[in-house]
Amino acid sequence: MGVETDDIRLQVGHTSAIDPTALAKARELLYRVFDDMTEHDWEHSLGGMHTIAWHGDSVVGHASVVQRRLRHRGRALRTGYVEGVAVDPAWRRRGIGDRMMEELERIIAIAYDVGALGASDDAVPFYEHRGWKPWLGTTWALTPAGIVRTPEEDDDIYLHSVGPDIDFAGDLACDWREGDAW
C-alpha cells in the first residue's frame, strides 16, 4: 500500500512484505539520525507495520509499530509500540513525520488496546501535538529476574488511543526484550 503527496511517497507494510533493500535503507537512516542507535534498537523496529517515506529512491523517513504487552492494573494490554521514528534532517518540517504517524495511529486504533512509545526530549512537542499523553506514574519491566523498576523511563513514556480504565498516575510494566526494555 502507498500514500503519495507531492514528491514524497509513503510506503506502508509489514516487515515481511517490505523489500530487504528498503529495510536496509531505513536502518541506515536511523543510524544516521541517532548517535546512540544499536542493533537491538533496529531489531525492536522489526516484525510489525512500517511507514517508509521515499523521495525517489531515497528513504527520507521511517517509523514502525510492533506488538508488545504492557501490564497495567493487573491486565495485559495488547499494545502497538512505536519504534524507529526518524526523518532525515534535510527533510524535516515538511509534514513527513505527521504523515507517518497518522498511518501508525490508524493501525493502533484498529488493532490494539493502546499505543505507546518512548519519546526523546526533542520529540515530546511533536507527540503531544498529535495527542499522545505522558505517563505520569512509575514504569517497570517484566524481566527474566522478575519485575524491575525502570525509573529512567518514567518521564519518557507516552500513550495514545487509551480507554477510561487507564490510570496515568499508576504503574505500567512492559514485556521483556533484549536491549532497552522500553
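Is Arg93 buried or exposed? At 87% relative accessibility, Arg93 counts as exposed (buried means under 20% relative accessible area, exposed over 50%, partly exposed in between, with a 1.4 Å probe and protein chains only). The model is predicted, so local features need pLDDT of at least 70 and side-chain atom pairs count only at pLDDT 80 or more, while totals for chains, interfaces and linings use all residues. Residues are numbered from 1 along each chain as its sequence is written, and side-chain values use heavy atoms, with hydrogens and water left out.

**Overall build**

- The chain has four helices and 11 strands (DSSP runs numbered from the N terminus: helices are H or I with at least four residues, strands are E with at least two).
- The radius of gyration is 16 Å, which agrees with the value near 16 Å for a compact globule of 182 residues (taken over C-alpha atoms; the globule rule is 2.2 Å times the number of residues to the power 0.38).
- Along its principal axes, the C-alpha trace spans about 45 × 30 × 30 Å.
- Of the 182 residues in the chain, 49% are buried.
- Among contacts with a separation of 6 or more, 68% join residues 24 or more positions apart (contact means heavy atoms within 4.5 Å).

**Surface and charge**

- The accessible surface comes to about 9,200 Å², and carbon and sulfur atoms hold 50% of it (Shrake-Rupley method with a 1.4 Å probe; for residues, only the protein chains shown count as cover).
- There are 19 positive and 32 negative side chains (Lys and Arg count as positive, Asp and Glu as negative; His and the chain ends are not counted).
- The centres of the two charge sets lie 5 Å apart (each charge is placed at NZ of Lys, CZ of Arg, CG of Asp or CD of Glu).

**Salt bridges**

- Side chains of opposite charge can pair when their charged atoms come close.
- The whole structure holds 12 salt bridges (a side-chain nitrogen of Lys or Arg within 4 Å of a carboxyl oxygen of Asp or Glu).
- Glu39 and Arg27 pair at 2.4 Å, N to O. This pair links distant parts of the chain, 12 residues apart: Glu39 is in helix H2 (residues 39–44) and Arg27 in helix H1 (residues 20–33).
- Glu39 is partly exposed at 35%, and Arg27 is partly exposed at 31%.
- Arg106 and Glu103 form another bridge, with their closest N and O atoms 3.1 Å apart. Both lie in helix H3 (residues 96–111), three residues apart, about one turn of the helix.
- Arg106 is partly exposed at 36%, whereas Glu103 is buried at 11%.
- Asp154 bridges to Arg149, with the closest N and O atoms 2.7 Å apart. Asp154 is buried at 13%; Arg149 is partly exposed at 30%.
- A network of salt bridges links Arg75, Arg78, Asp113 and Asp165.

**A buried strand residue**

- Thr79 sits in strand S5 (residues 75–87).
- Thr79 is buried, with a relative accessible area of 0%.
- Leaving aside residues up to four places away in sequence, Thr79 touches several residues, including Val66, Leu70, Tyr112 and Val114.

**Positive phi in loops**

- Most residues other than glycine have a negative phi.
- Arg73 has a positive phi of about 55° although it is not a glycine. Arg73 lies in the loop between strand S4 (58–72) and S5, and is exposed at 59%.
- Arg93 also has a positive phi, near 65°. Arg93 is in the loop between S5 and H3.
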